[in-house]
Amino acid sequence: MQELADTNRQLKAEADDLRGEFRQERARTKTMRMIIAELSLELEQAKAELVDASGVARLPDRR
């Protein structure tokens, strides 16, 4: 019975650790999504500025 209790305690501790790691990973992922969105906007703005500055019309992407 004691062995089961020890195993249970150990598994609960591991689960708590994994939950903490998961929370941290979720926070990192959220930050990365925000950075990606910001960089995408900046890229589109830079492309638009190049088109405006060059005086040459660009064809739309085929995607």
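Biologist: What makes Glu44 count as buried, exposed or partly exposed?

Modeller: This is a predicted model, and the answer is a computed value. Glu44 has a relative accessibility of 49%, and the partly exposed class lies between the 20% limit for buried and the 50% limit for exposed. Glu44 therefore counts as partly exposed.

Biologist: How do you know that Lys47 forms a salt bridge with Glu44?

Modeller: The closest N and O atoms of Lys47 and Glu44 are 3.9 Å apart, and the criterion asks for a side-chain nitrogen of Lys or Arg within 4 Å of a carboxyl oxygen of Asp or Glu. The pair therefore meets the criterion. Lys47, at 33% relative accessibility, also counts as partly exposed.

Biologist: Why are Lys47 and Glu44 described as about one helical turn apart?

Modeller: They are so described because they are three residues apart in helix H1. In general, an α-helix has 3.6 residues a turn, so residues three or four places apart point the same way.

Biologist: What makes the contact between Glu25 and Arg28 a salt bridge?

Modeller: Their closest N and O atoms are 2.8 Å apart, which is to be set against the 4 Å limit. Both residues lie in helix H1, three residues apart, about one turn of the helix. Glu25 is partly exposed at 39% relative accessibility, and Arg28 is partly exposed with a relative accessible area of 44%.

Biologist: Which residue forms a salt bridge with Asp6, and how are the two placed in the helix?

Modeller: Arg9 forms that salt bridge, with the closest N and O atoms 3.0 Å apart. Arg9 and Asp6 are separated by about one helical turn, being three residues apart in helix H1, which covers residues 2-54. Asp6 is partly exposed, its relative accessible area being 35%. A search of the whole structure finds four salt bridges, including the one between Arg9 and Asp6.

Biologist: How do you know that the span of H1 is close to what is expected?

Modeller: H1 has 53 residues and reaches 77 Å from its first C-alpha to its last, whereas 78 Å is expected at 1.5 Å a residue. Just after H1, Gly55 takes a positive phi of about 75 degrees. The protein has one helix and zero strands.

Biologist: What sets the protein apart from a compact globule of 63 residues?

Modeller: Such a globule would have a radius of gyration near 11 Å, but the protein has 25 Å. Along the principal axes, the C-alpha atoms fill a box of roughly 80 × 20 × 10 Å. As one example of separation within the chain, Ala13 and Arg26 are 13 residues apart in sequence and 20 Å apart in space, C-alpha to C-alpha.

Biologist: What share of the residues counts as buried?

Modeller: Of the 63 residues, 0% count as buried, a class that requires under 20% relative accessible area. Ala13, whose place is in helix H1, is partly exposed with a relative accessible area of 39%. The accessible surface of the protein comes to about 6,400 Å², and 58% of that surface belongs to carbon and sulfur atoms.

Technical notes
Residues numbered from 1 in each chain as written. Predicted model: local features only at pLDDT ≥ 70, side-chain atom pairs only at ≥ 80, totals over all residues. Heavy atoms only, no water. Helix = DSSP H or I, 4+ residues; strand = E, 2+ residues; numbered from the N terminus. Buried < 20%, exposed > 50% of the residue type's maximum accessible area, 1.4 Å probe, protein only. Expected span 1.5 Å × (residues − 1). Rg over C-alpha atoms; globule rule 2.2 N^0.38 Å. Areas by Shrake-Rupley, 256 points an atom, 1.4 Å probe, with all protein chains shown as cover.
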